Amino acid sequence: MKFRKDINGLRAIAVIAVVLFHFDATWLPGGFAGVDVFFVISGYLMTGIIFRGIENKNFSIYRFYIARANRIIPPLAVLCLVLLVWGYFYLTPIDYRVLGKHIGGSISFLSNFLYWMEDGYFDVSSYEKWLLHTWSLSVEWQFYIIYPLVLVFMRKLVSLALLKLLVLLSAIIGFIFCIYSTIQWPSSSYYLLSARAWEMVIGGVCYLYPVKWSNVDNLKQKLIEWLGVALIIFSYLAINKETAWPGYWSLIPVLGSCLVILAHRNDSAITSNVAFQKLGAWSYSIYLWHWPIVVGIYFYSLNNLFIYAGILISVLLGFLSNKYIETLKFKNNFTGFKSYFKCKPFYMIISVGVAGSFIFLTNGLDSRVSKENQNLNASARSAMVDWEYPDPNLEIKGYDIRFIKGRANKNILFLGASHIEQTFPYVEQLDTEYNIYYLTQGGCLLLPSYRPNLDCSNVKGYKDILSEIHFDKIVTSLFLLDSYLPENDRLKAAQLNIRIAELNEFLEYTKDNSLDVFLILGEPRGKEFNPKLSIRHSLNSEIPTKKVKESYATHYKVLPSIIRSDRVTIIDPIDYLCRETCRTRDVNNQFYYKDSDHMRPWYAKLSLGYLDKIFDK
């Protein structure tokens, strides 16, 4: 295939979007769609390689794999190696342990599964995962493994024309499945090949069904290209992190990419200019290096000036990686099966993967720190995974319930997110006459306007439960009241007013359907409670109570606007758990919390006495 400047420039359009989005999402809220543009390009190029080989009857799956390995693995292995060496000197054992695990996942091209399994409400922040961006490389590599096998096998059964038609049909079916799976399984759809494969396959369709342009079609080519670029830019601006992705919205950047490819304009001022040609050539390495720099800025709480420096450094490192690593020539043409074991990039996978696994298994090489710090790190590791909330044991009208049997025919409903869930260990140990129902969903506030694109149906459907069961008391948390508000002050105030109105509607409704309602303002919180951050930044084991209350300024500010009556009780856990300061761990350095704002079960069992008034104690 001849070198195509338009495709190289399209790479630049993709990588610019991803880099800008990661360094500051407000600049380009949908910039993450640049990954989808990359997928289309990859599908186009890979389909061209495979079909030319099939048509010429000289396609070798082994050579295809080796060529992909020679291209992708060396720059990735160097990045992993640099992070391993740097982390040894500058990361705490806990952080280094996580890095080791992620390096093992990335270099084995399984990181998309790893990050999918970590993609829970309590998992490590995205900005603490140094190799999070490699999920897309894993998706591509898995596509590279499966796609040629399927095409070669099908070619033995059907004609070349029918095979091309099957590729087209699979792209359509894949898109339909993508829409369905994004609704049903949003997390897995984001990270796994099953919902992303159609984007690469449709890139292949562009190769298999090209538009034949004549010399007089230059204006048409321009219009097609401009429309394609417009669709891509529109997607970068119109979508955001709250958009269900990939889903049907992904058709916009994918279709835009296809139009640019089909326009086939090698002399385009948009894609063929010098700047885009350079950035396109360096795009893979820029993509590899930019994300660790983004994480570093977050990791060390650097100010916004470092964002601009980070972008320039990303481009510089991308250029250096492209010039000195991507251009390395590794043998590709082997003779005989055994000779393929001489492929050097596969030994890079083994060596880097073993190193990452060793670091993970040795708890981040914690032998390099003092015995006291080893014990503190061990305490933090056990705290970070300490959470007790059982699986549902009851279903009412399709809603998942955790049910605790009481001694009498009296009922209490605990309703909310994880800050209601964390009360379960304390409530479960009580000997009470009430039947306790927990209707919860992590990360979800029961108010209708709260994150409408997030599936919070198990919480927001509380009226169905109230129509089925009479509750004497209802308990919920206001912890998330100020979460996910717009950054703009005017929009923030407007959204907060909507939430207050919805909360008052909830109170009016529940007062008519129960005897008492209890609102829990929010437990003590702060990065000092977070075991990992406490160790990383050597934070104090106690926080001034005044500082903790300042973090709930919005909650206290809206209290006068909330309906108050003798049947609505507001509980402030901070008044119960703190005096002049709020402690974060005991004298034996056992952390009270698993993260910045979620209590460990043993601490909850000891400390949540402020719930006793709910049970008439």
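Which backbone oxygen lies 2.7 Å from a polar atom of the side chain of Gln441? That oxygen belongs to Asp455. This is a predicted model, in which local features need pLDDT of at least 70, side-chain atom pairs count only at pLDDT 80 or more, and totals for chains, interfaces and linings use all residues. Residues are numbered from 1 along each chain as its sequence is written, and side-chain values use heavy atoms, with hydrogens and water left out.

**Gln441**

- Gln441 sits in the loop that runs between strand E4 (434-440) and helix H18 (457-460); helices (H or I, at least four residues) and strands (E, at least two) are DSSP runs, numbered from the N terminus.
- Gln441 counts as buried because its relative accessibility is 17% (buried is under 20% relative accessible area, exposed over 50%, partly exposed in between, with a 1.4 Å probe and protein chains only).
- The side chain of Gln441 also reaches the backbone nitrogen of Ser457, at 3.4 Å.
- Beyond its neighbours within four places in sequence, Gln441 is in contact with residues including Gly416, Ala417, Glu421 and Cys456 (contact means heavy atoms within 4.5 Å).

**Helices H2 and H9**

- Helix H2 (residues 34-56) packs against helix H9 (residues 193-208) at an angle of about 50°, and their axes are 6 Å apart (axes are lines fitted to C-alpha atoms, for helices over the stretch in contact, and angles run from 0 to 180 degrees between N-to-C directions).
- H2 is therefore oblique to H9 (under 35 degrees is roughly parallel, over 145 roughly antiparallel, 65 to 115 roughly perpendicular and the rest oblique).
- Among the residues making the contact are Phe39, Tyr44 and Phe51 of H2, and Met200, Ile202 and Tyr207 of H9.
- The residues of this contact of H2 with H9 comprise nine nonpolar, five polar and four charged (Ala, Val, Leu, Ile, Met, Phe, Trp, Tyr, Cys and Pro count as nonpolar, Asp, Glu, Lys and Arg as charged, and the others, Gly among them, as polar).

- H1 and helix H11 (residues 251-263) pack at an angle of about 155°, with axes 9 Å apart, so the two are roughly antiparallel to each other.
- Asp6, Ile7 and Leu10 of H1 meet Ser257, Val260 and Ile261 of H11 in this contact.
- Ile16 has its place in helix H1 (residues 5-23), and its relative accessible area of 29% makes Ile16 partly exposed.
- Apart from neighbours within four places in sequence, Ile16 is in contact with Phe276 and Leu279.

Note on methods: Polar contact = N/O pair within 3.5 Å; in protein donor to acceptor, adjacent residues only side chain to side chain.
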